Amino acid sequence: MDFADKRAVVTGAASGIGRAIAAELAARGARVLLADIDSVRLEEAVAAIGAGASWQLCDVSDHAQVEALAATASERLGGCDFAFANAGVITSGRMTRMSPTEVDWILGVNVRGTWSTATVFARMMQDQTEGGHIVLTGSEHSLGLQHAGAAIYTASKHAVLGLAEVLRAEAPENLSVSLFCPGLVGTALGSGPRPEGLAASPPQSEAGRMIQARGMSAEEAARRALDGVAAGEFYIVTHPHSLRAAEQRFHEIEGAFARQAPWFEGAEKVGRQFGDGRSHRRAQKPPELEETNRAIHPSGPHRPDRFAVVPGLHELRRCRAAATPGSCLKRTAARSSAPRWNPGSTSSTRPTNMPAARPRRLPGGH
Ligand SMILES: NC(=O)c1ccc[n+]([C@@H]2O[C@H](COP(=O)([O-])OP(=O)(O)OC[C@H]3O[C@@H](n4cnc5c(N)ncnc54)[C@H](O)[C@@H]3O)[C@@H](O)[C@H]2O)c1
């Protein structure tokens, strides 16, 4: 996949990573529409990029403005091959000291804005014969690294992970999806304007400035983002240490399962009763990813659409082998006799504000 003569839209493109992605796209031959809430810096960015770049004001937390952005892409570029849902904001402070206004702002831009951008452009791309590619900017905080002092930001980036995964699962053949998860990048994130009613962000401390300065350059991050897209990667990552955080989280989850709900023969069938019965789509599994999975788990069953990419699964398999099926099944039976809401049931214990469930045929025989 290359970018020559392609049409691209980038949100949050007036500065930092978004601006660098727009410049890199143009350098690789694409025509780019830059979107942001900062018209002065948008104009500067477009002037610096030169031919093939244009801009439009767009607050991604306003769905109507994102729809207007898509209409502009249709008019000016004749469609859109790559949409980068990149706009994002952060605010620092302990979770217990956040105000509801701050929470709404961060979730409005980082989650709702990312959802709007991905949704509006996915619809447009689905109707194009050539399809398209959506890139959502998550973070290493999407993968397991907790940002102490930025709980809502961390939560928002987990939500972006969820959006990307589900969009990929639901996408038709002509739509592909990537999740860009950079580590620290030297940008002005956190020092931009804040909505009316919110106190100005405190000036960055010397320590904070030094940390930010140690980040990867926005230009390097942008190159990696585009290389990842060109290679058909879903997870596009930049900093090796982020993997340690993901592993640490997985090992903790793995330990919890080993102690409380160890694997037993047939567990998968029981588990499916609580899902929708359909296996995950196997879309977008580039051959190189399959190779990576085989390298990590050479002897295990090859299940790239489930857990196989997560290092440490062998522990779970060991625990499955050691588990005594009888005890687990007895526990499952005891639990299932307790009255509780089952998403597949039509009983009156279903929450009253939800539509009645349609009767479903459960896979696996019972
Ligand atoms: N800098 C990092 O270390 C880092 C690491 C991981 C992920 N990220 C993510 O990368 C993305 C870009 O951040 P950055 O580091 O380049 O910061 P940045 O502040 O330089 O760029 C963010 C841009 O988004 C724009 N923006 C803010 N609210 C908007 C809105 N409502 N609608 C449209 N645009 C809006 C800002 O004006 C700004 O130009 C963000 O999603 C951020 O969470 C950054």
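First, some housekeeping. What we have is a predicted model, where local features need pLDDT of at least 70, side-chain atom pairs count only at pLDDT 80 or more, and totals for chains, interfaces and linings use all residues. Residues are numbered from 1 along each chain as its sequence is written. When I say helix or strand, I mean DSSP runs numbered from the N terminus: H or I with at least four residues for helices, E with at least two for strands.

Let's start with the sheet. Strands of a sheet pair through backbone hydrogen bonds, either parallel or antiparallel. Here we have an open sheet of seven strands with parallel pairing, in the order 3-2-1-4-5-6-7. Strand 3 (53–57) and strand 7 (235–237) are the edges, each pairing on one side only. For pairing, DSSP has to find at least two bridges between two strands. Strand 4 (residues 82–85) and strand 5 (residues 132–137) run parallel and are joined by four bridges. Look for F84, which stands opposite V135 in strand 5.

Now, which strands does helix 4 touch as it packs on the sheet? They are strand 1, strand 4, strand 5 and strand 6 (175–181), and the direction of helix 4 makes about 175° with that of strand 5. Contact here means that C-beta atoms, placed from the backbone, lie within 7 Å. For angles, axes are lines fitted to C-alpha atoms, for helices over the stretch in contact, and the values run from 0 to 180 degrees between N-to-C directions.

Helix 4 also packs with other helices. Its axis and that of helix 5 (residues 151–170) come within 9 Å and cross at roughly 15°. Angles under 35 degrees count as roughly parallel, over 145 as roughly antiparallel, 65 to 115 as roughly perpendicular and the rest as oblique, so helix 4 and helix 5 are roughly parallel to each other. The residues of this contact divide into 13 nonpolar, three polar and no charged. In these classes, Ala, Val, Leu, Ile, Met, Phe, Trp, Tyr, Cys and Pro are nonpolar, Asp, Glu, Lys and Arg are charged, and the others, Gly among them, are polar.

Helix 3 (residues 63–77) packs against helix 4 too, at an angle of about 35° with the axes 9 Å apart. H63, V66, E67 and A70 in helix 3 meet S116, T117, V120, F121 and M124 in helix 4. By class that's five nonpolar, three polar and one charged.

Key. Contact = placed C-beta atoms within 7 Å.
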